[in-house]
Amino acid sequence: MDLLDTEYRDLVEWQQDLIVKFNLEGRLLFVNRAYCEIVGKTKEELASSIFMPVTEKRYSDVIATQMTKLFRPPHACIVEQWLQTKKGMRCISWSVKSVIGDDNEVVSIVATGRDITPLKNEQKAIRARDEDLMLVLESGSPMYYSHSTEHRLQFVSPRIRDLLGCHRGSGKMTWTDYLTDHPLNASGLERTIRAIASGKREPPYRLEMVTSDGKKIWVEVNEIPVVKHGKTVAIAGSLTDVTDRMAVEEGYAEAEFLIQDVSGDQTVSEYRARVTGRQAKGPLGYFRSILSKSSDEHDDGDEPVASQENPK
């Protein structure tokens with residue numbers, strides 16, 4: 001029995017993880033060597049002291065809320081505690097479990113803790129990098145997104161959300177929910193389906209989409225399939241708002257149509273020939289042809305005919 005007690009004591013005392021036991025008032029009943037070392041106190045100094053002393057109210061509120069789970073099945077919880085140590089502030093993740101007595105009541109609580117400060121620092125660094133990356137992505141004209149092969153949205157740039165006026169809980173889960181019934185949209189959908197099937201990039205295409213307030217906009221889509229182990233697992237791409245560009249292009253198309261429509265008019269043809277003739281005589285003739293107000297103006301280089309009347 002003594003041998004077992006010694007082995008058990010060594011197992012607990014020489015753990016790298018922190019091990020504590022405390023009563024329902026939160027006072028420590030047992031601490032192992034690792035806990036003493038991290039807080040810089042002896043077992044005697046820690047005896048009957050309050051476990052998990054926290055200085056900030058927000059931390060104490062979170063811990064208190066979590067630890068209420070210890071008094072109902074499964075009588076366990078996990079909490080994180082920022083603790084002042086000899087090495088500075090360290091984050092300890094505690095796995096806490098209630099000790100149930102014969103009357104099925106909680107009589108004490110045991111917990112094992114592990115220093116996860118390096119993990120927390122790494123997570124903080126990742127968040128900082130993500131924020132920097134998002135700043136770069138959101139600074140350019142393209143707005144980025146990704147969706148599954150079933151067209152379910154996975155990532156949507158905040159600027160796309162602003163553009164479409166979409167928000168979580170809107171009920172729209174696929175990017176096709178934002179399309180209008182414009183005929184060009186069917187062609188765009190076909191290109192996405194081909195990219196998923198082939199794993200090869202399709203040329204850019206345009207879509208007409210509708211915002212939450214019913215406004216119709218045009219976007220240009222550049223996307224590429226994400227292929228893993230020879231299989232397309234997602235589509236990643238970017239959108240560019242080309243609504244204004246589409247309006248300009250439509251204006252040019254209408255103007256070209258009108259010009260073609262009147263190109264058979266004889267007067268227009270004669271005027272073009274006259275302008276062409278002026279251009280052949282040099283820049284001065286060209287500008288004279290534009291500024292002329294009558295068809296009987298003199299050609300470039302011709303001198304006005306002098307009056308034949310004799311002065312009196």
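Start with strand β1, residues 18-22, and strand β5, residues 106-115: they run antiparallel and are joined by five bridges. The model is predicted. Pick Leu18 next; its bridge partner in β5 is Gly113.

Select Lys97 and look across to β5: Val110 stands opposite. Then follow the chain from β4 into β5. The two form a hairpin, with five residues between them. Stop at Asn104 in the turn, where phi is positive, about 65°.

Go back to β4 for the aromatic rings. The structure holds four aromatic pairs. One of them is Tyr35 with Trp94, a tilted pair at 6.1 Å centre to centre and 55° between the planes. Tyr35 lies in helix α2 (residues 33-39) and Trp94 in strand β4, so the pair links parts of the chain 59 residues apart. Both Tyr35 and Trp94 are buried.

Phe51 sits in the loop between α3 (43-46) and α4 (57-67), 43 residues from Trp94. Phe51 is buried too. Show Phe22 as well: Phe22, Tyr35, Phe51 and Trp94 form one aromatic cluster.

Next, select Arg33 and Trp14. The charged end of Arg33 sits over the Trp14 ring, 4.1 Å from its centre.

Finally, zoom out. The chain has 10 helices and 10 strands. Of its 312 residues, 30% count as buried. The chain exposes about 21300 Å², with 55% supplied by carbon and sulfur atoms.

Terms used. Residues are numbered from 1 along each chain as its sequence is written. This is a predicted model: local features need pLDDT of at least 70, side-chain atom pairs count only at pLDDT 80 or more; totals for chains, interfaces and linings use all residues. Side-chain values use heavy atoms; hydrogens and water are left out. Helices (H or I, at least four residues) and strands (E, at least two) are DSSP runs, numbered from the N terminus. Buried means under 20% relative accessible area, exposed over 50%, partly exposed in between (1.4 Å probe, protein chains only). Accessible areas come from the Shrake-Rupley method with a 1.4 Å probe; for residues, only the protein chains shown count as cover. Two strands pair if DSSP finds at least two bridges between them. Rings of Phe, Tyr and Trp (its six-membered ring) pair if their centres lie within 6.5 Å; planes under 30 degrees apart count as stacked, over 60 as edge-to-face and the rest as tilted. A charge sits over a ring if NZ of Lys or CZ of Arg is within 6 Å of the ring centre and within 35 degrees of the ring normal.
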